Amino acid sequence: MIKKALYLVLFAALIISCGGGDDYTYVPTGPELPGNGSGDDEEDPTITDEELLDLTQETTFRYFWDYADANSGGARERYHPNDPGNSEGVVTAGGTGFGLMAILVGIERGYISRAEGLERLTTLLDFLENADRFHGAWSHWINGSTGAVIPFSDLDDGGDLVETAFLAQGLICIKEYYKNGSDAEQTLAQQADDLWKGVEWDWYTQNQNVLYWHWSPNHGFDINLQLKGYNEVLIAYVMAAASPDFGIEKEVYSTGWASGGGIQSANTQYGYPLLVRHNGNEQLGGPLFWAHYSYLGLDPRNLSDDYVDYWDVNVNHTMINYEYCVANPDFYQDYGEDCWGLTASYSRNNDGSIGYNAHSPSNDTGVISPTAAISSIPYAPEESLEAMHYFYRNIDDLLGPAGFYDAFSPEYDWVAEAYLAIDQGPQIIMIENYRTGLLWNLFMGNEDVQAGLTKLGF
């Protein structure tokens with residue numbers, strides 16, 4: 001489930017809500033409890049930073065390897081360990097793009113062999129090549145057995161340009177990783193390149209200076225959702241500008257994404273300027289996935305257009321989210337320097353059942369999403385690691401078979417014992433970017449990407 005600004009509000013409750021109670025109980029641990037050092041000093045680490053990064057990456061990798069769709073190898077929309085049949089066969093396009101990058105990390109970290117990675121990726125790219133496409137764009141959800149579109153909503157039964165952009169980001173990393181390899185690897189690299197270049201990005205403008213999110217053969221552009229910043233969709237404009245055959249001009253970016261300069265903001269919180277106008281969250285910033293999804297391959301360091309520096313945007317966004325949790329204006333249990341991070345994720349409904357919510361400082365329900373702090377490690381490494389050590393101190397409650405669970409609330413003694421592809425992916429990828437820059441280097445090394453960025457004035 002991609003967390004879409006505005007669109008999320010309209011559709012998430014209908015699509016994501018799982019219903020039923022969640023009987024998994026969260027119990028905060030203290031310094032005297034087992035697994036938290038000697039008990040003599042609550043600052044004693046239970047694990048080194050490097051070991052913790054290793055643990056988080058390796059367990060999260062399992063989501064995209066052990067729990068991938070059995071037929072296609074793509075990323076499942078969600079995985080519930082206690083209900084493995086939940087949404088079985090539902091592949092998510094954007095999460096699969098994250099999965100492509102995660103598999104490269106898995107190869108580099110030695111979780112799988114290069115040959116195993118090549119075999120899985122060959123199966124996956126063959127699946128994507130034969131899946132339903134709509135003027136080149138993939139649908140949000142895809143049937144893992146047939147490749148047919150699975151409608152995301154009544155009107156959303158066609159191409160999803162933002163999901164496609166997340167997928168294309170991963171395909172470019174595959175192309176760059178394998179382009180100088182064996183004959184089989186070079187064939188895979190060429191296939192990845194051909195797949196993303198087949199997207200008709202310009203079709204999704206309707207001949208206007210803006211990109212549109214959806215098109216359906218049954219409903220056309222009826223959803224009528226324009227891609228305007230600031231939110232998670234910057235990567236769609238970068239990919240559209242990079243396309244050699246179906247590219248957009250700078251005016252589409254300037255008028256669409258940047259609203260002719262209207263994207264800029266003068267708001268400041270906790271001493272940090274927001275710099276951009278966060279759609280629907282103009283005062284305190286939006287959910288933290290806005291600082292992650294577009295930047296898994298797109299390197300925000302030294303990334304400036306005519307309006308803002310996106311590194312500063314993401315650092316400030318992260319720090320405002322962090323400082324809000326430290327200030328804890330609603331007095332939620334355990335919020336603080338080592339327990340923070342608000343983003344869209346599974347959530348606790350008022351009746352205690354599991355649902356979905358776009359958590360942010362302006363929509364705080366007492367639910368912490370581990371992906372928020374973990375995936376922000378390039379922007380706030382000390383603060384991110386503090387949170388990761390908190391998650392580890394509560395390892396018996398918060399760590400499951402595919403990494404840290406999607407969300408929890410100390411306030412309500414509640415854990416969502418479940419996973420979403422788009423929350424697990426940024427963790428393993430952004431940790432790797434923090435450690436080695438792997439995905440940033442691959443994506444930014446692509447000549448089409450560089451041409452697109454130049455076209456847009458970066």
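Leaving aside its neighbours within four places in sequence, which residues is Pro273 in contact with? We will come to that after a word on the model itself.

This is a predicted model, in which local features need pLDDT of at least 70 and side-chain atom pairs count only at pLDDT 80 or more, while totals for chains, interfaces and linings use all residues. Residues are numbered from 1 along each chain as its sequence is written, and side-chain values use heavy atoms, with hydrogens and water left out. The protein chain has a mean pLDDT (the predictor's confidence in each residue, from 0 to 100) of 92, and 90% of its residues reach 70 or more. Take care with residues 1-41, where pLDDT stays under 50. Where pLDDT is low, the predicted coordinates should not be read in detail.

Now back to Pro273. Its contacts (heavy atoms within 4.5 Å), neighbours within four places in sequence aside, are Asn267, Thr268 and Asn316. You will find Pro273 in strand 10, residues 272-273; helices (H or I, at least four residues) and strands (E, at least two) are DSSP runs, numbered from the N terminus. Pro273 counts as partly exposed because its relative accessibility is 34%, between buried (under 20% relative accessible area) and exposed (over 50%), with a 1.4 Å probe and protein chains only.

Next, turn to helix 6, which covers residues 183-197. Its buried residues include Leu188, Ala192, Leu195 and Trp196. The buried residues of helix 6 pack against several elements, among them helix 4 (114-130), helix 5 (161-178), helix 7 (234-242) and helix 15 (447-456). Helix 4 has buried residues of its own, including Leu121, Leu124, Phe127 and Leu128.

Two of those partners also meet each other: the axes of helix 5 and helix 7 come within 9 Å and cross at roughly 60°. Here axes are lines fitted to C-alpha atoms, for helices over the stretch in contact, and angles run from 0 to 180 degrees between N-to-C directions. Helix 5 and helix 7 are therefore oblique to each other; angles under 35 degrees count as roughly parallel, over 145 as roughly antiparallel, 65 to 115 as roughly perpendicular and the rest as oblique. On the helix 5 side, the contact is made by Ala165, Phe166, Ala168, Gln169 and Ile172, and on the helix 7 side by Ile235, Ala236 and Met239.

Helix 7 also meets helix 15, with axes that come within 7 Å and cross at roughly 105°. That makes helix 7 roughly perpendicular to helix 15.

Note on methods: Expected span 1.5 Å × (residues − 1).
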